[in-house]
Amino acid sequence: MSMNELEAKVAELRELRRMADELAAEITATEDELKAYMTANSTEELYGPSFKITWKPVTSSRLDSKALKAAAPELWERFSKSTTTRRFIIA
C-alpha cells in the first residue's frame, strides 16, 4: 500500500470512528428516553407488536482480585494467569 493509500485509509477509519461515536451517543439518548418512560410509569417491562423491553435490576457476583491479592497473595499467584493481547491505536 502506498503512503497516499495509507493516509486515505487512516482518514476513512477516523471518519468511521467519529460516525460510530455519534451513533453510540444517539443510541444512549434513545435508551435513556425509554428508561425515563419506564421509570415514570413504574414498569420494568414494555410490550408492543414487535418488541419486548425489560429493564430490571440484575445481581451478579465477581471475584475481587485486588482484595484477594492483598489478603492471600499466594492463592492469587497460584490461580492467576497472564494473557497477551495486541492493541491497535491510531494517533
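How many residues apart in helix 1 are Arg18 and Glu22, and by about how many helical turns are they separated?

Modeller: This is a predicted model. Arg18 and Glu22 are 4 residues apart in helix 1, so about one helical turn separates them. Their side chains meet in a salt bridge, with N and O 2.3 Å apart. Side chains of opposite charge can pair when their charged atoms come close.

Arg18 also pairs in a salt bridge with Glu15, at 2.4 Å from N to O. Glu15 and Arg18 are both in helix 1, with a spacing of 3 residues, again about one turn of the helix.

Glu15, at 35%, is partly exposed, and Glu22 is partly exposed at 41%. For these assignments, partly exposed lies between the buried limit, under 20%, and the exposed limit, over 50%.

Another salt bridge joins Glu12 and Lys9, whose closest N and O atoms are 3.4 Å apart. That distance is within the 4 Å cut-off, so the pair counts as a salt bridge. Both residues belong to helix 1, which covers residues 3-40, and they sit 3 residues apart, about one turn of the helix. Glu12 is partly exposed at 41% relative accessibility, and Lys9 is partly exposed with a relative accessible area of 47%. The structure holds 4 salt bridges, including those described here.

Terms used. Residues numbered from 1 in each chain as written. Predicted model: local features only at pLDDT ≥ 70, side-chain atom pairs only at ≥ 80, totals over all residues. Heavy atoms only, no water. Helix = DSSP H or I, 4+ residues; strand = E, 2+ residues; numbered from the N terminus. Buried < 20%, exposed > 50% of the residue type's maximum accessible area, 1.4 Å probe, protein only.
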